[in-house]
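Q: Please take me through how to read the charged and nonpolar features of a model, one at a time.

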Amino acid sequence: MASKQPKDKITPLYAELNRYKLNGDYTNPRILSVASRLLKLDREDSIAFKCKIVCLIHQSEFAQAIKEIANNPNLASDLMFEKAYCQYRLNKIPDALKTLRTISDPDAKAKELLGQVLYRLEEYDECLDIYKDLIKNSSDDFEEERGTNISAVLAALQLWKSQEAEDLGLNEETYEMSFNKASLLAGKGLLKEALEELERAERLCKESLDEEDDEEMELGVIRVQKGYILQLMGKNDEALALYNQVVKARPGEVGLLAVASNNIVSLNKDQNVFDSKKKIKATQANGLENKLTKHQQNILNYNRCLFYLYTNQFDNCRKQLKKLEGKEAEDTLAVIEAALFSREKRPEKATDCLEEFISEGNASVYVNLSLAQLYLTQGNVRKACDTLKTLGDTQYAPGVVSTLVALYTNIDDVDSALEVLDAAVDWYKMQEGAQKELNTLLRESTDFKMAHGQSQAATALLEDLRNANPDDIKTLAQLISAYSKFDAKRAQDLAELLSLATPFRLSQELPPVEELAGNIDVDALETTPLSVTSRQLKRGVVTSPTEEAAAVEAEAPGVIKKKKKKRKPKLPKNYDPSATPDPERWLPMRERSTFRARKKYKKQGGVGKGTQGATTGASEMDASGPSSPKPGSNSSSTPASPAPPKQQGPRQQKPSQSGARKKQNKKKKKGGW
């Protein structure tokens, strides 16, 4: 142990330290020098050591402060709060919690820090208890900050843990508390109220902040939250405008920029890929793991996976899938992996992937529905139906029941569709408070059975409907129709009951006749014929039967024209009904495939055609001219024909007089030959 130093050396140094403390000048480098000199004079001086650690914290030298505490364990026994705070600022949150747990009797500031650490670790239940204790047992100038913190914890419980938060009666006097209340309302699904509260928070923020940078930063947080609410409400254009406004302002907070960019990517989906590529980079900034909750980080990873999937970057997508964590992420992992296989044209691998995941017993409804969708895209309707039947109580949801009935009906399996409807009806009968859903299902099941000829089975359902609502005339009418198929007496009894009850009920339920009739002309309606031809409608000529009879009487008084009977078609005597008629029977003779032209249809010699001085081949080279014998004829038995006259050239041949006369009668064309 070092010997005591003279007071004339220590007292001035302590006086200087006290002066810095009174001025709050902890960032002055001189103060560290003074504390170090005191420790050189006395290595066991705990006051000087604590002063040095506090100065390092004020100068943001957190790592150096932790190192000094570790090197002097004998002086750091009462500096656990300072050590935990340095670990918290270095984002060593689990280490900070471990250090705070070593404090046997924590004071208010230690509890404040413990609440912050628990909030960062998402231990919201214990964090809420800490803040409740602080608000109850302390009264100082930090009550407003504690109210803001506890409202943030309540909002986080509702948003991330889906726990109904209790109402602590906090007054939303600041924009931070108003913002937290809006987040709480959004977690409860009260979107309209949440949007109104965010408008109030934005107004309070503009009134309370003076510095332009801080105001823009805080307003950016509020605007991104407003965009999120608008996106949930389906107002995507308004939400996108707010997100872009925040991104263009280039906020210094990487978490805020990442959330806004991620939401823009989610709105773009598989469109505007170039813009999404730029926004994806903002969601990969360093330090985001310390700014966002695990749920938010998983959503960012999930959207990056979808982006890589849409842009066919399959390797990057698989790498990103490994960053997903948690139960919800496991379901997402399986579905995206199956989508990758489908994108790669390997549907069998996609179904195997989901089937294996479901067999492990950890699959949610979302995964089972995805598997059913895959089966449908592959045409396996039976397997899709079997998958939907494994959803537990969810299979009785109206949407699932409707889908199963439609699928079974599509493959003509009416019996399976009826089984689905009957099972759903039985399930809803055992549920309390589901009478509305049961009545809807009973009516749909009745209509389905009536349409497929099962009137007797439908009557049991209609009786249940009638018992649930005895005054429903529609149900009674359907019941009469169903009984009329197999029990006429029962149908007659119900019809009499309906006839007694209908006049009074109809007078109450139906609108008055004047309202139904409107501006209908009864006289014109009575004179309108029962059937009108389309030609009469086009010409606008519509006559009544009495007018037609009067017209006939005017043409021939006393004579009633009889309608001409349509004669039966006459068939040829040799008509054979088994024979196929000739498909070319309506074509002209010359257009039929069997037509052979006679001599008179053949072209003549072609006098005057072709080049000058040329003769037709048929006149000189054809051996089958008029003088030649026909094939197959006996030339010896036929008398010899006279020799044909010598052929003349085209210039020597003279046209006939009729041809010359026609040529003279032709008018000469203008400017032509």
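Q: Where do E197 and R200 lie relative to each other?
A: Helices are DSSP runs of H or I with at least four residues, numbered from the N terminus. E197 and R200 are both in helix α11 (residues 191-208), 3 residues apart, about one turn of the helix. This is a predicted model: local features need pLDDT of at least 70, side-chain atom pairs count only at pLDDT 80 or more, and totals for chains, interfaces and linings use all residues. Residues are numbered from 1 along each chain as its sequence is written, and side-chain values use heavy atoms, with hydrogens and water left out.

Q: What does E197 form with R200?
A: Side chains of opposite charge can pair when their charged atoms come close. A salt bridge is a side-chain nitrogen of Lys or Arg within 4 Å of a carboxyl oxygen of Asp or Glu. E197 and R200 form one, with the closest N and O atoms 3.2 Å apart.

Q: Is E197 buried or exposed?
A: Buried means under 20% relative accessible area, exposed over 50%, and partly exposed in between (1.4 Å probe, protein chains only). E197 counts as buried because its relative accessibility is 11%, while R200, at 28%, counts as partly exposed.

Q: Which parts of the chain does the salt bridge of R318 and E344 link?
A: R318 pairs with E344, the closest N and O atoms being 3.2 Å apart. This pair links distant parts of the chain: R318 is in helix α17 (residues 314-321) and E344 in the loop between α18 and α19, 26 residues apart. R318 is partly exposed at 27%, as is E344 at 23%.

Q: Which residues do salt bridges that share partners join into one network?
A: That network consists of E199, E202, K206, R223 and K226. The structure holds 14 salt bridges.

Q: Which residues have the most contacts inside the largest nonpolar core?
A: A nonpolar core is a set of buried Ala, Val, Leu, Ile, Met, Phe, Trp, Tyr and Cys residues joined through side-chain atoms within 4.5 Å. The largest one has 38 residues, and L354, L388, V401, L404, V405, Y428 and L441 have the most contacts inside it. Helix α23 gives the most to this core, with 8 residues.

Q: Where is D412, with its positive phi?
A: Phi of D412 is near 60 degrees, a positive value in a residue other than glycine. D412 sits in the loop between α22 (398-410) and α23 (414-430), and counts as exposed at 68% relative accessibility.

Notes: Helices (H or I, at least four residues) and strands (E, at least two) are DSSP runs, numbered from the N terminus.
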